[in-house]
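Welcome! Have a look at the structure shown here, and then we can walk through it together.

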Amino acid sequence: DTKIHTILEQNPAFKADRDLLMTIPCMNESTAATLLYLMHAYPAESTEKFVSMLHLHDGEAIGDDNYRAPELRIARNALFAFSADAEESMEEIKALAKRLDDKSKSYKTIAIAISHKVARIVYAMLKNQCAYRKVSC
């Protein structure tokens, strides 16, 4: 974690990206740093490839063995932890969780879906270099 923060502090582009991520309600420095490091260490050409790389799917992991890499596991865990906070403070995430809960989906399925949604938001924000903005549900 310290290594990630050191790398981020030495690169002005990382600082600007971190500032963008910090516009997401309830985003914390550690999660932002982990996601930024991951996105720069494992660049993906699309949102779907980024989400797939993190193996944010319900059920068995798909793809190559990258999901065993410690930094990918750390990023996945950070997203899962963040998803609980996001469910309380982000309206579109709260609505997603409610829709899935109404369909009697398991907690794991809901956590994966929220993490998937947050990963897509993060990827789009950084690709388009725009701050978070609330999306109507």
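The report below goes from the whole chain to single residues and their partners.

## The chain as a whole

Please keep in mind that this is a predicted model. What is the chain built from? It has seven helices and zero strands, so reading along the sequence gives the pattern α-α-α-α-α-α-α.

The chain has 137 residues, and buried ones make up 39% of them. Its accessible surface comes to about 7,600 Å², and carbon and sulfur atoms account for 52% of that area. Take the contacts between residues with a separation of 6 or more: 64% of these join residues 24 or more positions apart.

## A look at helix 3

Helix 3 covers residues 29-41, which makes 13 residues.

Several residues of helix 3 are buried, including T31, A32, A33 and T34. Further along the helix, L35, L36, L38 and M39 are buried as well. At the start of the helix, a side-chain oxygen of N28 reaches to within 3.2 Å of the backbone nitrogen of S30.

N77 lies in helix 5, which runs over residues 70-89. N77 and T31 are 46 residues apart along the chain, and their C-alpha atoms are separated by 9.4 Å. N77 is partly exposed, with a relative accessible area of 46%.

Now turn to R18, which lies in helix 2 (residues 12-21). Is R18 buried or exposed? Its relative accessible area is 14%, and buried means under 20%, so R18 counts as buried. If we leave aside neighbours within four places in sequence, R18 is in contact with E9, E29, A32 and L36.

Side chains of opposite charge can pair when their charged atoms come close. D19 forms a salt bridge with R18, and the closest N and O atoms are 4.0 Å apart. D19 itself is partly exposed, with a relative accessible area of 48%.

## Salt bridges in helix 6

How many salt bridges are there? The count comes to five. Helix 6, residues 91-102, holds E91 and K94, which sit three residues apart, about one turn of the helix. Their side chains meet in a salt bridge at 3.8 Å, N to O. E91 is partly exposed at 37% relative accessibility, and K94 is partly exposed at 34%.

K98 and D102 form another pair, with a salt bridge of 3.0 Å, N to O. Because they are four residues apart in helix 6, K98 and D102 are separated by about one helical turn. Both of these residues are exposed. Elsewhere, salt bridges that share partners join R18, D19 and E29 into one network.

## Cysteines

C26 is partly exposed, at 30% relative accessibility. C130 is also partly exposed, with a relative accessible area of 23%.

Definitions and conventions:
Residues numbered from 1 in each chain as written. Predicted model: local features only at pLDDT ≥ 70, side-chain atom pairs only at ≥ 80, totals over all residues. Heavy atoms only, no water. Helix = DSSP H or I, 4+ residues; strand = E, 2+ residues; numbered from the N terminus. Expected span 1.5 Å × (residues − 1). Buried < 20%, exposed > 50% of the residue type's maximum accessible area, 1.4 Å probe, protein only. Polar contact = N/O pair within 3.5 Å; in protein donor to acceptor, adjacent residues only side chain to side chain. Contact = heavy atoms within 4.5 Å. Areas by Shrake-Rupley, 256 points an atom, 1.4 Å probe, with all protein chains shown as cover.
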